[in-house]
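Take a moment to turn the model around before reading on. The paragraphs below walk through the chains step by step.

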Amino acid sequence: MRTVQSTFSRALRGSRRPWLLLPIVLLLISLQVGTDYGVATAFAASSQRGAQAGQARPDNANVARLRQMVREGKLAPTVHVLDSLPPTTILQFPLVPSGLKSKFPDATALVTVVRGDRNDSTSDTVTIDVQKMPPNITFTIFFIEIANKPFGNVEYVADLTTRGDGTGETIFHIITLVAFAMDARNPGTSHDQEGQASGIQLEHLGMWFAQLQDAQKVLNDDTLLGTIFDGGNPPLHAGPQAMTDGQSSPVF
Amino acid sequence: MFHSIEHVQRHRGFGIVVVCIALLSLLASACAPQPGAQTGPGGTKTGGVAGGTAQTSSAPTFPTTPPALRTPSFGSAGQIAPTVKVLASVDPTLIIQFPLSPSSIKTLFPKASGLVTVMQGNPAISVFDTITVDVQNMPPNVKFTVFLIEIATKPFGHAEYVGDVITRGDGTGESTFHLITFVAFAADARQANVTSADQSGDASGIQLEHLGMWFDGVDNARKALNDPTIAGTPFDGGGGALHAGPQAMTDGQTLPVI
């Protein structure tokens with residue numbers, strides 16, 4: 001560095017036309033600006049990766065609270081609370097094959113739930129990504145009381161149709177982190193992450209074959225029975241559960 | 001580099017070249033993508049005035065003839081509430097609308113009104129419906145919960161919490177949700193034999209074919225309605241049992257609206 005500076009000073013002193021250095025300086029500045037922009041862009045793109053690796057974690061009390069709940073077993077150990085700036089909360093948890101397990105053992109899914117400000121946001125956003133699923137099949141998505149049979153109270157929230165390569169995704173906007181079922185004639189109470197709450201908490205998520213015939217064909221099993229896990233006529237036209245969070249403790 | 005500067009002292013022409021290089025580099029910097037700008041496929045820049053799209057390649061073919069509209073059927077006479085309007089749309093989309101009227105807020109906010117618009121795309125491939133709730137002349141700066149319900153008025157029966165509407169200072173507000181609506185139902189999977197009739201015939205579970213709005217906090221309701229005796233209800237999630245207020249708006253119909 002000192003060599004460069006001294007060379008520069010010598011050049012300045014020896015120059016009969018110092019104004020000629022101006023374009024050089026401008027060139028250097030413009031290159032520096034470009035470099036800074038590139039660095040900033042790269043930092044923005046990698047900030048999440050860096051944060052996940054334990055660097056520069058943002059201070060978010062709700063994130064800390066939810067992570068503590070995972071450690072205490074109040075949320076399932078599969079739940080990953082992502083770094084986020086307050087007031088946003090982001091949860092992720094995987095789904096594993098249930099009814100699909102014998103034919104599609106590698107089927108995977110990742111559920112991402114994003115909630116904004118507890119007081120100002122009007123719904124949560126749920127994204128479900130799946131891979132290695134039966135291709136070109138529509139699955140129904142339910143919030144459920146219990147992850148596995150008998151499932152208990154349920155709420156039908158959306159569908160997901162896989163592509164030919166077995167991948168798929170769906171995004172929907174609905175109350176999720178405080179979802180509950182109730183009959184207002186006798187609502188009852190139950191515990192959620194905030195304490196006692198009205199109704200029966202729906203803190204699990206599962207995917208079902210929308211059509212029994214699809215399930216029978218995909219799973220090569222004509223003895224499968226219809227289930228309630230799709231809306232509309234006729235009753236029990238849905239197939240078995242395909243994917244589950246599989247947890248005893250709540251995932252949201 | 002500084003050897004070049006000495007060289008410039010001897011060759012004025014070379015200095016001009018350097019000036020040109022500097023200017024070109026500044027121009028390149030100015031043309032480089034800026035933070036916040038988005039580049040679409042094929043290098044097309046998106047954004048700008050009124051969400052317009054500036055095309056850098058050949059212009060796409062834009063339809064000049066509007067597609068034919070039709071008003072599809074929705075349920076049958078005596079099966080759907082008379083307040084439901086089916087809007088004209090392009091096949092296979094279905095759009096219905098129905099009003100909400102004040103229930104508990106009727107005395108103090110008699111002009112409160114709501115309009116619910118529900119859209120369904122192609123039932124074979126769409127993965128949810130879209131509900132938009134618009135309200136006017138409501139209590140200002142209050143949060144209301146929105147539920148799909150079995151019965152429009154008390155005792156309401158089974159209910160599904162779908163979203164919130166927060167009114168502005170002028171009593172207006174709106175919210176849009178994406179979820180299963182036209183075939184929404186409540187069920188306990190341990191009782192799979194429970195069925196009920198919807199627009200397509202018998203279906204699993206108990207159909208949720210009405211919509212209502214509730215004060216999300218009983219304190220807000222007591223303040224807005226100037227009545228400290230109002231009791232809490234279960235129509236909000238989390239935050240303590242029975243912390244919600246009374247129903248504020250209802251479709252008020254006996255027959256289904258969705």
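Two strands are said to pair if DSSP finds at least two bridges between them. With that in mind, look at strand 5 of chain B, which pairs with strand 6 (residues 129-136) of chain B in the antiparallel sense, over seven bridges. In this pairing T117(B) stands opposite T132(B) of strand 6. Strand 5 (residues 113-120) of chain B also pairs with strand 4 of chain B, again antiparallel and over seven bridges. Here I96(B) has V118(B), in strand 5, as its bridge partner.

Before going further, please keep in mind that this is a predicted model. For the complex, the predictor gives an ipTM of 0.77 and a pTM of 0.78. Chain A has a mean pLDDT of 86, with 78% of its residues reaching 70 or more. Within chain A, residues 33-54 have a pLDDT below 50, and this stretch makes ten contacts in the model beyond near neighbours in sequence. Chain B averages a pLDDT of 86 as well, and 82% of its residues score at least 70. Residues 34-55 of chain B have a pLDDT below 50, with 16 contacts in the model beyond near neighbours in sequence. The pLDDT is also under 50 over residues 1-5 of chain B, a stretch with six contacts beyond four places in sequence. Where pLDDT is low, the predicted coordinates should not be read in detail.

Now for the make-up of each chain. Chain A has four helices and 13 strands. Of its 252 residues, 40% are buried. When contacts in chain A between residues at least 6 apart in sequence are considered, 58% of them join residues at least 24 apart. Chain B, in turn, has three helices and 15 strands. Its length is 258 residues, and 38% of them count as buried. In chain B, residues 24 or more positions apart account for 53% of the contacts with a separation of 6 or more.

How is chain B divided? There is a domain 1, covering 1-27, and a domain 2, covering 85-250. Taken over C-alpha atoms, the centres of these two domains of chain B are separated by 71 Å. V17(B) is located in helix 2 (residues 12-31) of chain B.

For a contrasting setting, move to V111(A), in strand 3 (residues 108-115) of chain A. The cut-off for a buried residue is 20 or more other C-beta atoms within 10 Å. V111(A) is buried because it has 23 of them within that distance. Leaving out residues up to four places away in sequence, V111(A) touches Q92(A), F93(A), L95(A), V126(A), I128(A) and L205(A).

The backbone holds a few details worth a visit. Most residues other than glycine have a negative phi, and most peptide bonds are trans. In chain A, the peptide bond from P86(A) to P87(A) is cis, with omega near 10 degrees. P87(A) lies in the loop between strand 1 (80-81) and strand 2 (89-97) of chain A. In chain B, the peptide bond from D91(B) to P92(B) is cis, with omega near 10 degrees. You can find P92(B) in the loop between strand 3 (85-87) and strand 4 (94-102) of chain B.

Two residues have a positive phi to look at. N220(A), which is not a glycine, has a phi near 55 degrees. N220(A) sits in the loop between helix 4 (212-218) and strand 13 (241-244) of chain A. With 10 C-beta neighbours inside 10 Å, N220(A) counts as exposed. F156(B), also not a glycine, has a positive phi of about 75 degrees. The loop that holds F156(B) runs between strand 7 (143-149) and strand 8 (158-166) of chain B. F156(B) has 24 other C-beta atoms within 10 Å, so it is buried.

Technical notes: Residues are numbered from 1 along each chain as its sequence is written. Chains are lettered from A and ligands numbered from 1 in the order in which they are written. This is a predicted model: local features need pLDDT of at least 70, side-chain atom pairs count only at pLDDT 80 or more; totals for chains, interfaces and linings use all residues. Domain bounds come from an automatic or database domain assignment. pLDDT is the predictor's confidence in each residue, from 0 to 100. Two residues are in contact if their C-beta atoms, placed from the backbone, lie within 7 Å. A residue is buried if 20 or more other C-beta atoms lie within 10 Å of its own, exposed if 12 or fewer, and partly exposed in between; C-beta atoms are placed from the backbone.
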